[in-house]
Amino acid sequence: MTEVREFNNPYPEYDSSKHLLNVNDPLKLSKNERETLYDNLIKLLQKLESELKKGVDWFDYSVYTGTSGISLMYYHLSNVLDNGKKDHYFTKALYYSEKPLSALKHKRFSFLCGDAGPLAVAAVLYKKTGKFQQSQDLLQSLEKISRDVISLQSGLPDEMLFGRAGYLFALLFVMKHISGDCINHTLVQQVISSILQSGQQMSKSGDYKSPLMYSWHDKCYIGAAHGLIGILYMLLQAHEYIPLEELNTLVKPSIDFLLEIRFPSGNMPSSLGNKSDRLVHWCHGAPGAIHLFGLAYKVFGEQKYLDAAKQCGDLIWRRGILKKGYGICHGVSGNAYAFLVLYQLTDEKRHLWRALKFAEWCFDYGKHDCRTPDRPLSLFEGLAGTIYFLADMLNPEQAAFPAFQLF
């Protein structure tokens, strides 16, 4: 028998005659809804801080499961919460970012699971603090590790968690949060060129239908974490650095290939040839794909991409309250970002309603008999990611999936 991986969705679908939200509020949520979100956010933040006081694993400095992810959460809170504690949150962000810098070995290259993430986050924080030279030194360190990223002989994969796409995000992140000129644009173009060359080489070697194809651990993964979706999404976020011909002959047809291999439900296979329609996670499945299809609609303007994104959203509403937990990588918070993508694209209130219902599920964090993650406090597996999501719900039109989506 197939394992049931999700809870039944207990919430009613949006009904405009019953669920008005707050149509006159530019933030689209009522005062009561916002206060409830904020109160539950603070409750979970207090829980996180209580657990952190018991001890921090400083050996894991990654954004994905380590201290740099905690730092990124606090930096986010300092930007979005107007509760008189902005300086407190920023100080916390700096604390969890600074200490790991001396431990970096410059042998791992992605934002999520490599040295590029801690370097990028700390560079931004130093710049905001006025420590311009320290920030510049970190940016130079970030640029220096590009040699192994650009080289196609380095053996580096191309995916988000450990590879070139993850390094590309680090460059885009500092350019967004510091300045567009803080990184040499030629370097950005070189990284993109390596990703495109690598994808073309594999596609030709295996005679794949997609003009770009990539592998990780000898599998052609499809999802956002290790596969084609995450790589294409990162390329599309940097599309202004890609020649129009390559955008139209390499990137766009590869996105169209993904449309062709969807399951009838709208979900994606976890890897090429996998026939099992079971994973509804950001890392594998529709919750990651919706980001790509939504951005493809914005860039190319074709209705088929919005239709695919909406189908993903309907699937996530049915099957996205996961027994795996509340996190953003493979949990309810990460799945809820899918509705925020659709809300930002369409301004349809039913998508905001759906995100709000998933947020309400997270209010009862730890009470649904879900699986406990290996890193229960972390950004991508644990509590910090849920806090990040709830903070984004306070201003849903500006929400962006952390360490993946540039708003």
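Biologist: What percentage of the 407 residues of the chain count as buried?

Modeller: This is a predicted model, where local features need pLDDT of at least 70, side-chain atom pairs count only at pLDDT 80 or more, and totals for chains, interfaces and linings use all residues. Residues are numbered from 1 along each chain as its sequence is written, and side-chain values use heavy atoms, with hydrogens and water left out. Buried means under 20% relative accessible area, with a 1.4 Å probe and protein chains only. By that cut-off, the buried share of the 407 residues is 60%.

Biologist: How many helices and strands does the chain have?

Modeller: Both are DSSP runs, numbered from the N terminus: helices are H or I with at least four residues, strands are E with at least two. The count is zero strands and 15 helices.

Biologist: Why is the chain as compact as a globular protein of that length?

Modeller: The radius of gyration is taken over C-alpha atoms, and the globule rule is 2.2 Å times the number of residues to the power 0.38. For 407 residues the rule gives 22 Å. The chain is close to that, so it counts as compact, with a radius of gyration of 20 Å.

Biologist: Which residues touch the most other members of the largest nonpolar core?

Modeller: A nonpolar core is a set of buried Ala, Val, Leu, Ile, Met, Phe, Trp, Tyr and Cys residues joined through side-chain atoms within 4.5 Å. The largest one holds 150 residues. Its largest share, ten residues, comes from helix α7 (residues 164-177). The residues touching the most other members are Val-174 and Trp-282.

Biologist: Is His-291 buried or exposed?

Modeller: His-291 is found in helix α11 (residues 286-300). Contact means heavy atoms within 4.5 Å. Leaving out residues up to four places away in sequence, His-291 touches residues including Trp-282, Tyr-337, Phe-401 and Phe-404. Its relative accessibility is 2%, so His-291 counts as buried.

Biologist: What separates the C-alpha atoms of Cys-362 and Leu-41?

Modeller: Cys-362 lies in helix α14 (residues 349-363). Its relative accessibility is 0%, so Cys-362 counts as buried. Not counting residues up to four places away in sequence, Cys-362 touches Leu-44, Tyr-326, Val-332, Ser-333 and Thr-386. Leu-41 is 321 residues apart from Cys-362 along the chain, and their C-alpha atoms are separated by 9.6 Å.

Biologist: What share of contacts between residues at least 6 apart in sequence join residues at least 24 apart?

Modeller: The set takes in contacts in the chain between residues at least 6 apart in sequence. Those joining residues at least 24 apart make up 67%.

Definitions and conventions. Buried means under 20% relative accessible area, exposed over 50%, partly exposed in between (1.4 Å probe, protein chains only).
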